[in-house]
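These notes are meant for a colleague opening this entry for the first time. Please keep the display at hand while reading the points in turn.

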Amino acid sequence: MAHPTDHEEPAEGSGVDDETRAIEEVINAFGFYGKFGTEKILKTIQQMKLYPADFQALVANKNKEFVTSMREKIDHNHSILKMIANNAAEMIGENHTKALRIHQSRRPSGEFLSKVISTIRQICREWSSEGAPEREATFQPIIEELNSIFSNPEDRHEVRILTPGCGLGRLAHDLVTEGYTVQGNEFSYFMLFTSYFILNCCKEPDQFTIYPFLFDKSNCWDSEDRLRAVTFPDKSLVPTMSSRLNSFSMCAGDFLEIIRGSEFDVIVSAWFLDTAHDVFKYIDAIYDALPIGGIWINVGPLTWHYEDMIGETSIELPYSDVMLRIRQKGFEVITEKEIDSKYTVNRRSMLQSQFKCAYFYARKGPQ
């Protein structure tokens, strides 16, 4: 299994392979969440001491209750993250044992702490009713497009779909429930560990609770909004995975590596194209992996992930040039439109950022 590039300062241990280090670093980041939350609480208490004395008296009871509740919910989130990290042993086997053997608890980088927080938000986006509007905005048009093309549900198990950069697997899972044979591909162990937990360990709807907004201090209408609970998953999973002609698999690793030599009838790139170091290579790989007449559906913005990142190659094209290359390569663009969508937003926040996503459906023609 090619390992993702979630990487920070290496753990101690000589002769340890890169994959084991990568796994250990993610386990360490998940495990540090509780301490990180405690730091946030202590900072909040210090700030409260800076209030004018008369205002401190006014909000003393409310703030005491808020801090107590924050502690409880941070501990709860930490317990969920520990379950996710522990259950990853079933997915990666011996490498998980090796990672625990070299593990030394330490403060992760700011980037890794941010990834832990975004993983919690991603659970909300993909697997809770709270995230339904975001999924309906960009996932549902893909499903409807494919169901229109492949109108006979009885034949859909023969349609092989790849969903690169599939995150926590919700779009891939929903395509499976529509009858398609789907392979999800993901690069980040943060996403892989969490998607494994959801897809394999959640036995009933709303089985688990998580608190995604605890640290949203800016643009907050009311402190109680930060304590809001979200339950997941919002749908039953195990029954949808059994007794089917179609199949669902997940492949870990770099997209350009796993797609080499493979063939799919459909490639669905949702919120993915801008993860490329070199978008020309993505376009070439997608073209090569499709048969003549094969389908490519894309949706998402172009927030180039490696822009201005030191030591990283990054080619940042405007959308018009991306489409120019796609057509030049030999794709016939059937449908092209804009879709407004938010991404992991807190719906009770003062800040409601929104993307204007590019959506297209194209078919491969001869080059």
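Predicted model: local features only at pLDDT ≥ 70, side-chain atom pairs only at ≥ 80, totals over all residues.

1. Helix 4, which covers residues 94-102, is another partner of helix 1, and here the axes come within 8 Å while crossing at roughly 65 degrees. That angle makes helix 1 roughly perpendicular to helix 4, and the crossing of the pair is right-handed. From helix 1, the residues Glu 19, Thr 20, Ile 23, Glu 24 and Ile 27 take part, and they meet Asn 95, His 96, Lys 98, Ala 99, Leu 100 and Ile 102 in helix 4. The contact of helix 1 with helix 4 divides into five nonpolar, three polar and three charged residues.

2. How do helix 1 and helix 3 pack, and at what angle? Helix 1 (residues 18-31) and helix 3 (residues 53-92) pack at about 160 degrees, with their axes 8 Å apart, and the two are therefore roughly antiparallel to each other. Their crossing is left-handed. Ile 23, Phe 30 and Gly 31 of helix 1 make the contact together with His 78, Leu 81, Ile 84, Ala 85 and Ile 92 of helix 3. Six of the residues in the contact of helix 1 with helix 3 are nonpolar and two are polar, while no charged residue takes part.

3. Turning to the sheet, seven strands form an open arrangement in the order 5-2-1-6-7-9-8, and the pairing among them is mixed. Strand 5 (248-252) and strand 8 (331-341) stand at the edges with a single partner strand each, so one side of each is left without a neighbour in the sheet. Neighbouring strands are turned against each other by 15 degrees on average, when direction is ignored.

4. Two places in the loops deserve a look at the backbone. Phe 232 and Pro 233 are joined by a cis peptide bond, with omega at about -10 degrees, and Pro 233 has its place in the loop between strand 4 (230-232) and strand 5. Asp 206 has a positive phi of about 55 degrees although it is not a glycine, and this residue lies in the loop between helix 8 and strand 3 (208-210).

5. As for the chain as a whole, it contains 11 helices and nine strands. Its radius of gyration is 22 Å, close to the 21 Å that the globule rule gives for 367 residues, so the chain is as compact as a globular protein of that length. Along its principal axes, the C-alpha trace spans about 75 × 50 × 45 Å.

Methods
Residues numbered from 1 in each chain as written. Heavy atoms only, no water. Axes fitted to C-alpha atoms, helices over the stretch in contact; angles between N-to-C directions. Helix = DSSP H or I, 4+ residues; strand = E, 2+ residues; numbered from the N terminus. Parallel < 35°, antiparallel > 145°, perpendicular 65-115°, else oblique. Left-handed = near helix turned anticlockwise from the far one by under 90°. Contact = heavy atoms within 4.5 Å. Nonpolar A, V, L, I, M, F, W, Y, C, P; charged D, E, K, R; others polar. Pairing = 2+ DSSP bridges. Rg over C-alpha atoms; globule rule 2.2 N^0.38 Å.
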